[in-house]
Amino acid sequence: MSTASIANNAYQMAAKLQQQARAVEDTAPQQTNMVDFGQMVKEAVETVVDKGQAADSQALNMIEGKADVVDVVTAVAETEIALESMVAVRDRVISAYEEIMRMPI
């Protein structure tokens, strides 16, 4: 599988997660003065999706001759870092969940 298709799949998955988070938010009651983990995750996903869209925009601008290669590489690198950070957090959450499930009752 090529790097472009991997990045495209990751971008599409992040967009689906964002849509699912929006659907859950619309049905969930709002609470005040509380840190909402779901909201933090939603914002992180939105950030990754926004960076992906910015990278896509820069790539299209480069094809049209409106952007420099350095701008495209920078946008793609920012997207990659954001996605890797989100994956690292996801892995830590899964690890914590597995640790909790191993605890005796």
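Biologist: Where in the protein chain is confidence lowest, and where is it highest?

Modeller: Confidence is lowest in helix α1 (residues 3-27), with a mean of 69, and highest in α3, with a mean of 91. The score here is pLDDT, the predictor's confidence in each residue, from 0 to 100. This is a predicted model, so local features need pLDDT of at least 70 and side-chain atom pairs count only at pLDDT 80 or more, while totals for chains, interfaces and linings use all residues. Residues are numbered from 1 along each chain as its sequence is written, and side-chain values use heavy atoms, with hydrogens and water left out.

Biologist: And what does the protein chain average?

Modeller: A pLDDT of 82, with 81% of the residues scoring at least 70.

Biologist: How many helices and strands does the protein chain have?

Modeller: Three helices and zero strands, running α-α-α from the N terminus on. Both kinds of element are DSSP runs, numbered from the N terminus: helices are H or I with at least four residues, strands are E with at least two.

Biologist: How do you know that the span of helix α3 agrees with what it should be?

Modeller: The expected span is 1.5 Å times one less than the number of residues. Helix α3 (residues 69-102) has 34 residues, so it should span 50 Å, and its end C-alpha atoms are 49 Å apart, which agrees. Helix α2 (residues 37-63) passes too: its 27 residues reach 39 Å from first C-alpha to last, close to the expected 39 Å.

Biologist: What caps the N-terminal end of α2?

Modeller: That's D36, with a side-chain oxygen 3.3 Å from the backbone nitrogen of G38. Just after α2, G65 takes a positive phi of about 85°.

Biologist: Why is V45 called buried?

Modeller: Buried means under 20% relative accessible area, exposed means over 50%, and partly exposed is in between (1.4 Å probe, protein chains only). V45 has a relative accessible area of 6%, so it counts as buried.

Biologist: What makes E46 buried as well?

Modeller: Its value is 19%, which is under the 20% limit, so E46 gets the label too. Both V45 and E46 lie in helix α2. Other buried residues of α2 include K42, G52 and A55. In α3, the buried ones are V72, A75, T79, A82 and M86. Across the protein chain, buried residues make up 13% of the 105 residues.

Biologist: Which residues do V45 and E46 touch?

Modeller: Contact means heavy atoms within 4.5 Å. Leaving aside neighbours within four places in sequence, V45 is in contact with A14, L17, Q18 and M86. On the same terms, E46 touches Q18 and R22.

Biologist: Which residues make up the largest nonpolar core?

Modeller: Six residues: A14, V45, V48, V49, A82 and M86. A nonpolar core is a set of buried Ala, Val, Leu, Ile, Met, Phe, Trp, Tyr and Cys residues joined through side-chain atoms within 4.5 Å. As for M86, it touches A14, V45 and V48, not counting residues up to four places away in sequence.

Biologist: Among contacts between residues at least 6 apart in sequence, how many join residues at least 24 apart?

Modeller: In the protein chain, 60% of them do.

Methods:
Polar contact = N/O pair within 3.5 Å; in protein donor to acceptor, adjacent residues only side chain to side chain.
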